[in-house]
Amino acid sequence: MRKKLPIDKITEPASKFIHQEHTSGIVLFIGVLTAIIWVNSPFAHSYHQLWDIKVSLGFGAHVLDHSLHLWINDGLMAVFFFVIGLELKREFMAGELSTIKKASLPMVAALGGMLVPALIYFFINKGAASEHGWGIPMATDIAFALALLSIAGKHIPSSVKVFLSALAVADDLGAVLVIAIFYSSHIDFAPLTIGVCLLTILLIGNKLGIRSIIFYLVIGFAVWVAFLLSGVHATIAGVLVAFTIPARTRINEKNYAESLRKLLFDFEAQIPNNSTLTTPEQHQTIEKIKKMTTDAETPLQKVEYGLHPWVAFVVMPLFALANAGIIIGSNFFSSLLNPVSLGVMIGLVAGKFIGVLSATWLMVKFGAQLPANSTWKQITGVALLAGVGFTMSLFISGLAFSHIEMVDQAKYGILLASLLAGVLGVVVLKRS
């Protein structure tokens with residue numbers, strides 16, 4: 001008779017797999033590949049039909065009726081931006097962006113990596129109808145970039161990974177600001193005012209010490225609806241709501257550790273003889289430990305850690321599946337010879353590289369320190385990986401253009417540029 005494996009022996013490998021950085025990049029790549037194969041197969045019509053399905057949400061006269069594609073781009077991606085907002089707040093409070101000294105190098109590198117690609121795209125498309133797409137090559141895809149960094153080898157110092165992560169997070173902040181300012185449609189101030197009032201309620205709740213996650217998520221959903229109806233892109237609501245989530249514990253680490261030791265001592269002293277049941281005293285001790293542990297957690301980190309697997313393994317791959325479907329025919333390379341594709345490709349591959357590397361060099365020239373144990377060759381590899389701009393670039397292309405042909409041209413540029421930047425970055429890092 002076979003001996004049964006304990007459940008934790010089964011779930012532990014899966015848990016480790018999920019939490020590896022490169023795993024989400026692999027799943028995202030599978031989503032991209034599936035979309036491309038599907039749309040170039042004899043079943044291409046089913047691909048387009050699927051995303052055109054209408055989905056209604058609401059009751060009575062208050063119904064939101066949109067295609068599945070729009071629900072993914074404006075709905076699920078709001079969750080993606082919500083998690084980005086949580087990451088930004090955490091980084092600003094206690095991470096790599098928490099002090100000027102820590103933040104200066106990745107923030108300036110990110111700024112250079114946004115400005116140079118935008119300028120390259122703008123000059124290639126100046127005066128054309130596609131000029132408005134200058135924001136497309138500005139963003140770095142953190143999941144793909146970190147996945148490729150992991151593939152490059154274990155010899156890469158952890159400080160380089162932290163630098164790339166901080167750069168990509170700062171890059172995300174820039175992309176969010178660009179979307180909010182330049183890629184929102186005509187604004188209806190009535191629902192926007194309601195949304196701002198709801199955000200104010202969340203901020204007041206934070207100040208009053210309300211830590212119920214349900215409170216923030218329910219009102220946060222109402223903020224999303226208000227922003228959706230206002231014309232300000234609904235995903236911005238995700239970032240703003242994230243910044244209202246409490247990020248402080250009710251009990252500090254020292255008091256928690258001391259109290260926990262005392263309660264564990266009490267629990268051991270209360271162990272009954274010859275019984276598998278807990279005594280009433282033990283049950284009370286366990287409840288005290290539960291409450292104290294909850295007080296030692298921040299709602300921000302609890303929500304972030306809870307949502308991150310869903311965003312990494314459901315939201316982003318689903319977004320890729322719905323948006324990466326491009327037809328690759330015999331004229332694929334000739335179809336790249338247009339201002340949109342060229343602007344995106346040159347902006348991401350050359351612009352990101354030049355912007356990140358030159359901004360980093362200037363900062364070091366003026367006294368900043370490179371990440372610990374890193375070399376300029378590794379920073380060069382990171383600057384190349386910054387040109388992998390998949391998720392956010394695809395997202396912005398859908399906001400920048402209403403003409404489907406321009407959206408497709410941008411997709412061609414994004415996919416080829418991300419492939420080139422990824423391969424070049426990995427090759428340079430492996431040789432470092």
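This is a predicted model: local features need pLDDT of at least 70, side-chain atom pairs count only at pLDDT 80 or more; totals for chains, interfaces and linings use all residues.
Me: Which residues touch the most other members of the largest nonpolar core?
Reply: A nonpolar core here is a set of buried Ala, Val, Leu, Ile, Met, Phe, Trp, Tyr and Cys residues joined through side-chain atoms within 4.5 Å. Buried means under 20% relative accessible area, exposed over 50%, and partly exposed in between, with a 1.4 Å probe and protein chains only. The largest core has 113 residues, and those touching the most other members are Phe-80, Phe-81, Phe-390, Met-392 and Phe-401.

Me: Leaving aside neighbours within four places in sequence, what is Phe-390 in contact with?
Reply: Contact means heavy atoms within 4.5 Å. With neighbours within four places in sequence set aside, the partners of Phe-390 are Leu-28, Val-32, Asp-141, Phe-144, Ala-320, Ala-324, Ile-414, Leu-415 and Ser-418.

Me: Is Thr-391 buried or exposed?
Reply: Thr-391 sits in helix H16; helices (H or I, at least four residues) and strands (E, at least two) are DSSP runs, numbered from the N terminus. Beyond four places in sequence, Thr-391 touches Leu-28, Met-77, Phe-80, Asp-141, Met-316 and Phe-319. Its relative accessibility is 2%, so Thr-391 counts as buried.

Me: How are H16 and H17 oriented to each other, roughly parallel or roughly antiparallel?
Reply: Two packed helices are described by the angle between their axes and the distance between the axes. Axes are lines fitted to C-alpha atoms, for helices over the stretch in contact, and angles run from 0 to 180 degrees between N-to-C directions. The axes of H16 (residues 390-400) and H17 come within 10 Å and cross at roughly 170°. Angles under 35 degrees count as roughly parallel, over 145 as roughly antiparallel, 65 to 115 as roughly perpendicular and the rest as oblique, so H16 and H17 are roughly antiparallel.

Me: Which residues does Gln-409 touch, not counting residues up to four places away in sequence?
Reply: Gln-409 belongs to helix H17 (residues 404-430). Gln-409 counts as buried because its relative accessibility is 16%. Not counting residues up to four places away in sequence, Gln-409 touches Asn-338, Val-340 and Ser-341.

Me: How far apart in space are Ala-312 and Ser-24, C-alpha to C-alpha?
Reply: Ala-312 is part of helix H13 (residues 299-323) and is buried, with a relative accessible area of 4%. Leaving out residues up to four places away in sequence, Ala-312 touches Ser-24 and Pro-317. Ala-312 and Ser-24 are 288 residues apart in sequence, and their C-alpha distance is 5.4 Å.

Me: What is the relative accessible area of Gly-381?
Reply: Gly-381 lies in helix H15. Not counting residues up to four places away in sequence, Gly-381 touches Gly-425, Val-428 and Leu-429. Gly-381 is buried, and its relative accessible area is 0%.

Me: What is the phi of Asn-373?
Reply: Asn-373 is placed in the loop between helix H14 (339-365) and helix H15 (376-385). At 72% relative accessibility, Asn-373 counts as exposed. Its phi is positive, in a residue other than glycine, with a value near 65°.

Me: At what angle do the axes of H8 and H9 cross?
Reply: The residues are 189-207 for helix H8 and 213-230 for helix H9. The two helices are roughly antiparallel to each other. Their axes come within 8 Å and cross at roughly 160°.

Note on methods. Residues are numbered from 1 along each chain as its sequence is written. Side-chain values use heavy atoms; hydrogens and water are left out.
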